[in-house]
Structures are given as C-alpha cells and as structure tokens.
Amino acid sequence: MSEPAITPELVAKHNLTPEEYQKILEILGRTPTYTELGIFSVMWSEHCSYKNTRPLLKGFPTKSATVLVGAGEENAGILDMGDGIAIAFKIESHNHPSAVEPFQGAATGVGGIVRDIFTMGARPVCALNSLRFGELSNPEVRRLFSGVVSGIAHYGNCFGIPTLGGEVYFDKSYEGNPLVNAFCLGVLRHEQITRGAAHGVGNPVFYVGPATGRDGLAGAAFASQDLTEESAEHQRGAVQVGDPFMEKLVCEACLELLATGAVAGMQDMGAAGLTCSTCETAARAGTGIEIELDRVPQRAPGMTSYEIMLSESQERMLVVVHRGREEEVQRIFDKWDLPWAHIGTVTDSGRMVVRHGGRIVVDIPAKQIADESPVYQREAREPKYLQEVRAFRLDGMADTLDAVGELKRLLAWPSIASKHWVYRQYDHQVRAGTVVLPGSDAAVIRIKADSLPVMSAELAAKVGDKPVPEKLLALSVDCNATYVYLDPYEGGKIAVAEAARNLACSGAVPLGATDNLNFGNPHNPEIFWQIQESVRGLADACRAFHAPVTGGNVSLYNQNPGGPIDPTPTVALVGLIADPAHITTQWFRDEGDAIILLGDAVDLADPLRGLGGSAHLQVAHGKKTGTPPRMNLEKEKTLHTTLLGLIQSGSVKSAHDCSEGGLAVAVAECCISQCVARGTPRLIGAELNLTLPPGVRLDALLFGETQSRVVISVADHDAVKVVERARLMGVPAARIGTVGGAPLSVAVGEARLTWSLQELHDLWWSSIDRLMQ
Amino acid sequence: MNFAVLQFPASNCDQDAVHVLQHLGHDARLLWHKEPSLGTVDAVIVPGGFSYGDYLRTGAIARFSPVMQALRRFADNGGFVLGICNGFQILCEAHLLPGALVRNRSLQFCCETVYLKSATADSPFTNKIPADKWLRVPIAHGEGCYFADDETLAKLRARGQILWQYCDESGALTDAANPNGSLLNIAGVCNERRNVAGLMPHPERASEGILGSEDGRLIFESLIETLSHSTAAAVA
C-alpha cells in the first residue's frame, strides 16, 4: 500500500509546527514514514506530552513521606494509607469527545480512568466526576447533559464501580464545550504496585482485549485542538466506543494475572493506543520494544499501520510477561474468554520498532519520543477583562428587598439545586462500601478486605492471616470556576480549600490531591496567564493542606466559536477518617441543638463583602463580576484543624461548609438535605438570630460567600464550650440559632424571614428534574 | 451454613454477597459460571451485576451458562435459591421464577433507597420479618419493572408468591413509592414451591450499621433460619 508523501501540508495537518518537524528530522536522521509522523503527532500532543504546561506543573508539591508513586511517573500516583495498604487515584478529562458524542464520550472517559487505576495493580473501588454544561434552558445543553450522565452511568454501573458523587455546574461559557472530568480510586497493598515498564530483554509482549478497529483514530490529537463548528461532523470518528462488560473482564483477568507473578510490566492502551503503551513502557525501562502488527487482532480488514498504531479502540492492555510463563497468562485470558495475542518482544535496542507486512514501518528511539517532547514557555498576559472586574463596586446596586424569594431562587438555581437527578442514575452503593451517600459535603467509603486485589501466594504467605483493618476514606471534587475566571490565583486556592473544607466537614484529614486543568487555547497569552495563575493558587493551597498532587490531567483548547470556557482547574481531594465515630454529615439532627457558625459572618476587609462572583450576584442581578472573596490559607487551615478537633471530641452533630449562596443556602441545606428514602426527605427546621454588623448589607450577610466558614450543630449543653474552644484556637465562632420547629426562620434585627421547608425542599430537590422533563 | 454465590462474567455484586454472608458468620464461596456442578451447598445466591454486559436482554445469555443447568437441578430437588437484582432477572429468564423484568418506567437507571413491605411471613425468605416492619433497602437497576400477565398475577396473589412490594414510609403501596413502574408494586416474588425467590432491591447493601440500614439482614436471616430447620442439603 502506498503511503502519502510527507509534505509541509501533511505535517501541519498533524498539528506539528515546522520547528517540531525539524526536531523529528534530527531525532530520526531521515524523513519520517507516514506512521511515524502520526506517532509523533499524538505523542507530542498536549494530551500526552503536557508540552505547554510542563514548566507550570513543576510548581505543584508532589513529594511527601506517603507518596509511593509520584506524579508523572506512571499511569496514576499512589499514596500510602497505613497498614501496608495504598491508594491509587487520578482524575482525567474527556471533554472534546463528550462534546461530539456525549454518551460514548463520557462512557469511555470513565473506562479510561478506571483502566489507569487497575493498570497500577489496584482494584478500582470508587469513582467521582466533575461536570460543566451550558445553561439548561438550551435544548442542546439538555441533550449533552442527559447524554453525558447516562454515558457515565452506563459504563460505571455495568463495570460495577460505585460513583459516589462529584459536582455539576451550569454556565454559558461551557455551551458547546462541556467538561467531563472522571475520577477513579483503587486500593492495593504496597507489594502489589505494578509498573508500566517493559523490563527484561527477551520477554514476550502480549496484547489483550478486543480487536483494534478504526474507532478513536488519534483521539489524543483531537483533544488538543479547538472545537469548531465542523468538529461534530469531522471528528466523530475520533470518538471511541466503550464496552464496560469487556473492561470488567479485562480488569478481573489482569488482577488475577498479576497475582501469578508472571507479569513484568503492564500498561493500558489509552490515549494514542498501541503507540503510547509501547514507547512509554520501553522508555520507562530503558529498553526497546519490537512489535509485529500482523499479529494484532484487527476488527476491520486492510487496516494500515498508521491506523493500527493510532487507533484508540477501548479496553485493550499491553502486558509484558516473564519469559517461560506465557502459558499461565494464556490460561487466565482464556478463562475470562478474552482475545489475546503475542505481538512482540522486549529488546535492548532502546528503539521502538514496528513491523507490518514484512516491512519495518516505525523505527524510533523510544525514550526520545516519550520523554523529550518539545516544551514551550508560552507568553502570559493579564486579561483585559480583569480591569472591569476589579473596578466593580456594590454602590450602584440595591440591597435585597426580597430575601425570602431570593433564597428560593438560589436553591432552585441548577448549580446549587440538588443533583439527585444525576447521581440517582449512578449506582453509588455497589461493592457494599458506601458509608456517606451523595448529597453531603464529601462522600465516605470504607475500605475492607475485599477492596484489595487477590494476592500472590508469596505475598499471602508474607501477610499471613492478619485481618485487613477497615479504613474510611472521604472524597470531594471541587472548583468554583466563576471565582477562577474573576481571579485565577485566589480561585485556584479556593478550589483546593473548598475540597479540603468538605473533607474536614466529614471528619477527614487530606491525604493527597489530583487535579484536572481545563482551559482554553494556551496560544492566547490571556488564557495562558489564567493557567499560570490558577496553577500557582492550586499549588500554594495544596502545600498549605499538606496534600501532595499525585497526578492529573491537562485539557486545553476548550473553546467553541463563542470563546473560551471559564478557567476550570478541578481538584479532587482524598482524605482519611481515623475512626467511624468521626464520620460527620451536613444535615441537622436533633431538635434543640445549637447552631454555630465557625468563621466570620462577613469579611469586613472585603469591599464587596463576599458578594464578588457570588451566586447571588448572578441569580439576582445577572452579573458575573466583582473580585471574588479572599482566601487566607492560614485561617482556613486553622478552621479545619479546629473543626476536626471538635469532631474528634465528639461534640459535632453536623457540619456543612458555606459556599455558593452563602450562609442562607448553607443553613437551608442543613434543614432539607437528608434523604431517608425515596420520596422521604427528613425536614428539620431552624431558628436563626443574626446581627447585621455595621456597614453590612442584608444580601451580604445572607448570601455573601466569605470564605473559611462552616455551619455546625452541637447539643445545646455543649454550645458554650464549643464556641469557647473554637475562639481559643483562633477561629471566630458564634451561636447563631437553634435547630427545631417546622419552618426555617431568620431574625435579623427587627426583620423576620420565614420559609416553609416543604417549599424549599421541593424547589431545591426537583428543580433539575423539572428542567429536564 | 454453606452458601455458593454464582459468578458470571460481569457479575459485580458477587463479592458483596459473599461479604455479607461471611459477616453473618456463614461460609460462602464464589462459583464460576463454567462449573457444571454446585458441589455440596445449603443454598445458592445469584448475585447482582451485568452478566454478559446485559447485552441482548438482562439475564438472557446467563441462563445458558453451564452452572445454570446445575442450579436448575438443585432447585428442582428443593434447594434454596435467592436471586438479587440481576440474579432475579436471570432466574426469570431461566423460568425458575414467573414474570419478567423490563425497562424502568422512567427509562433511566435508578439508584436510591426504598421501603419494602413483606407481603407474607410465610416463606423461607421472609419468616423473620415482623409484619409491621418496612425494610429500608437500596435499589440500583435500569430494568426492574416487574411484569407478568393478568393470569400469572392472579396466581401469584392467590398462592402468596408476592414476597415484597414497594411502599412508602407508612407502608402504603402507592404509585409514588414505586420506583420503576412494577405491576402491583412488586419488588420480589418466589416460585410456587417457595424455594426459589428473587428481588430487585439489594439486601446485601443494607446489612451492616455502618451502611445506614441493617434491614436487609432480615432476609438473609430468614433464609438461614429456614436452612437450620431443613433436613439434608439438596445436591446438584
């Protein structure tokens, strides 16, 4: 078959610059073949190489005593959680595929991240996701929203992983470019950590999983371009089709296989498929790899080497086996009825060599393509729009005259309203480990003996019959992108702080973080500035909370003809709860309990009093502007330490963080968010007595989003002690009311505001349902 | 007691069933679907999941697995079998239980906690459930809408084969309490001989305090109680 000649046009079509092409010529010492050009194109895409962001990512804290596998080393980072047990976790985006084909795009996003986790030798035990869409009034947005959610549900439910929750925001900037970030966490023993390295010269290389087809051709390269009007038509072939049933079989077979000790290295074929898995495994081990494409199972006749190498057909794995143990591997694949093939060998050449039809079609130094992609220091320039943002003042804007109606509108606002329409479609309890269901600040899961992969005979002998201690993990994923848009540095800090606050509210101490950086086109200096500043914010905050970043994903070029998305650096934090008695949820529990606000009622140093970038400003005034609330990391950390101390002392009956919608929304959620069963919410009233500080407006007091605040409830007789203790620790604290009564009522000076809980619950619980009908 | 939990490709509640039975102090082991025999067991659990990806139709392929022939012999000999979620769907497909499970009325997968009313205490699966106790257990399925023709429904009623029905917190069998459109709010049934039962909800996810409900234990404890009185274990 004749291959196209390499012309400047063909190079440009592969998104390679003339300089990058020059570098390819230098590496090879000759003109690349068509297949090689394709390989460079995907391996040097942003998705695979982080060429635009690598210098920035160096700012993240990535080391600590608990980091067993660090960021960038492998498919996912691994942290120690004590007693010889470790967790592997990561978040990854599937934004562009989901924009083009929401169901399959989102489904394969879940498949990809789950594979990254079991590739490390870990058993995947839970998933989260972070989603962004345009406004639900647009029917096209509803189609994307509905397709993405059912795609995630389809894949995760069938695979059998509990999707514990996440976050969903709706904003115009995501219209046509939704964000789908999927997170997965797995559990393993330290000894079970598996490397994606092609060790052992002469070892055979196996391919396992379904046959390779033309689907998903060069998806990684597609993910690294702007979305255009034509994308939907032209790129549909770049979206993969997922088969969660196959993934479940591949996962179980791989975990069973790892327990035999016959595996020298393993890597999934994710982005850039066979290409990425072969050159990365060789590069990591400092070896070479040689494969024969005629042996690769193929779904379609007449596939070219270019197509086979760049296909992103799903659920495939590359397994390097210790020579002489091939039969054990084949036996397990056959037990699970999985297609497999022996496709190649580990060599000592340092080169990735691919043969097809008796010819060598690829011969590239593995290390250079995997590790030596170009790196760019892009130009950064503060965006112009920030001048206007910073100039915004409340002066010309009237205070609220209808606080009662305003709270209702906020609770019904899709970004704040209950997301049960979403999470009820996810199986969130499979594996019998979910302790706190979606709907509280953080999800909580228990890790028990059967969360761990099966052990090899050798390891089992070493471990003996010592029972596995049950452990409790709390998880939260957060990012208020409006804040990040209005102030990337502070917004970045707040994303981490809010996730950490959610963990603290559930009784957990952070173990580590993974981030998903979703931004527009980095060639635009204003966008690059957003990336740079928000990464700086994330890094500072992760350092403050001692949460090393163990990896993540960068998704750039998130823009559509209307412009870039709001910068969205999503952060997922994982924390450990020391004792089951410390598990805390957000809803009020008993009549007569005291309600205490930890933190300032209003930040008096903030000229906007916490209303900049607030939900109130967006909902009541249609304005997305103003400098967002400030984040003092020291103060925030003191709050968390204090709250955890109170929880550990047994005084705290509920804890809920104040975020979008401020104090009023937080307290309302404490009253209405407990769900006992289908159609059976537990509504419990509250009576608040608030004082308007001098010079503070009512809207700022009720709906301002001053940071570092948590609403807790404690037994009446503990209230004085708890307030004193918090103040002693340096956290402002005040009793603001009492749990009980039928309505939610708030007295502010002379004014008395009252809401029916049934009405608030209905608005909050059913608003997305109604919009989706 | 000695339980076998069947394991089909993409069963995914198999470990959970083993876990809960062991937690209750009994022996439980997984049994791969290619096994032609059950060995010696006191009862069999057909667990939840997406056997064979639930492609074609839920449970439609699993019924042809070798282990299902053994299961049929076991049931014919009077052995006790409980199918949960996908297990219920498989037992219906295999005609070990009457009726069929079709797509939820909402056309969406639905995971939430429901209340279950036991229609009778006169079964090996419900004898420990107090008459005034509604079980709070989770469901998680896309095809859990119980369907049977009128004649079958009439027989089920007459013979007391309806074991569990979706109810509200007051025990009323309302339409609002019905999560999937099941006829007569049916969540679970047994066969005429009363040794094979299936239900869509997941009692194994509601059998420990830390998971928020222990009500599901009553179903396993009913079965265990029955087994402790039954004579020699059935063999297949």
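**Contacts and packing in chains A and B**

Setting aside neighbours within four places in sequence, A:Arg446 is in contact with residues of chain A and of chain B. The partners in chain A are A:Ala432, A:Gly433, A:Val435, A:Ser451, A:Glu470, A:Lys471 and A:Leu472. Those in chain B are B:His19, B:Glu208, B:Ile210 and B:Leu211. The model is a predicted one. A:Arg446 lies in strand S15 of chain A, which covers residues 443–447. The relative accessibility of A:Arg446 is 2%, and because buried means under 20%, this residue counts as buried. Between the C-alpha atoms of A:Arg446 and A:Glu379 the distance is 46 Å, with 67 residues separating the two along the chain.

Chain A contains 28 helices and 30 strands. The C-alpha trace of this chain spans about 90 × 60 × 45 Å along its principal axes. A compact globule of 773 residues would have a radius of gyration near 28 Å, and the value for chain A, 26 Å, agrees with this. Of the 773 residues in chain A, 67% count as buried. Among the contacts of chain A with a separation of 6 or more, 85% are accounted for by residues 24 or more positions apart.

Chain B has 5 helices and 11 strands. Its radius of gyration is 16 Å, close to the 18 Å given by the globule rule for 236 residues, so chain B is as compact as a globular protein of that length. Taken along the principal axes, the C-alpha atoms of chain B fill a box of roughly 45 × 40 × 35 Å. Buried residues account for 64% of the 236 residues of chain B. For contacts in chain B with a separation of 6 or more, residues 24 or more positions apart make up 77%.

The largest nonpolar core has 189 residues, and A:Phe145 and A:Leu744 are the residues with the most contacts inside it. Apart from this core lies another, of 47 residues, which includes A:Trp44, A:Ala272, A:Ile289 and A:Met303. For A:Leu744, the contacts beyond four places in sequence are with A:Leu407, A:Val667, A:Ala668, A:Cys671, A:Ala686, A:Leu753, A:Thr754, A:Trp755, A:Leu757 and A:Leu760.

Helix packing is illustrated by H7 (residues 102–119) and H11 (residues 244–258) of chain A, whose axes are 11 Å apart and form an angle of about 5°. Since angles under 35 degrees count as roughly parallel, H7(A) is described as roughly parallel to H11(A). On the side of H7(A), the residues that meet the other helix are A:Gly111, A:Val114, A:Arg115 and A:Phe118. H11(A) contributes A:Glu247, A:Val250, A:Cys251, A:Cys254 and A:Leu255. The residues of this contact divide into 6 nonpolar, 1 polar and 2 charged.

A:Leu37 is placed in helix H3, residues 34–43 of chain A. With a relative accessible area of 0%, A:Leu37 is buried. A:Asp399 is 362 residues from A:Leu37 along the chain, and the C-alpha atoms of the two are separated by 61 Å.

A:His342 is found in strand S11 of chain A, which comprises residues 340–347. The relative accessible area of A:His342 is 30%, and this residue is partly exposed. When neighbours within four places in sequence are left aside, A:His342 is in contact with A:Pro204, A:Val205, A:Phe206 and A:Arg295. A:His342 and A:Val208 are 134 residues apart in sequence, while their C-alpha atoms are 8.8 Å apart in space.

Positive phi values also occur in residues other than glycine. A:Arg431, which is not a glycine, has a positive phi of about 85°. This residue is in the loop of chain A between helix H18 (420–423) and strand S14 (434–436). A:Arg431 counts as buried at 10% relative accessibility. For B:Leu107, likewise not a glycine, phi is positive and near 65°. B:Leu107 is located in the loop between strand S5 (100–102) and strand S6 (110–118) of chain B. At 55% relative accessibility, B:Leu107 counts as exposed.

Key:
Residues numbered from 1 in each chain as written. Chains lettered and ligands numbered in written order. Predicted model: local features only at pLDDT ≥ 70, side-chain atom pairs only at ≥ 80, totals over all residues. Heavy atoms only, no water. Axes fitted to C-alpha atoms, helices over the stretch in contact; angles between N-to-C directions. Helix = DSSP H or I, 4+ residues; strand = E, 2+ residues; numbered from the N terminus. Parallel < 35°, antiparallel > 145°, perpendicular 65-115°, else oblique. Contact = heavy atoms within 4.5 Å. Nonpolar A, V, L, I, M, F, W, Y, C, P; charged D, E, K, R; others polar. Core = buried A, V, L, I, M, F, W, Y, C linked by side-chain atoms within 4.5 Å. Buried < 20%, exposed > 50% of the residue type's maximum accessible area, 1.4 Å probe, protein only. Rg over C-alpha atoms; globule rule 2.2 N^0.38 Å.
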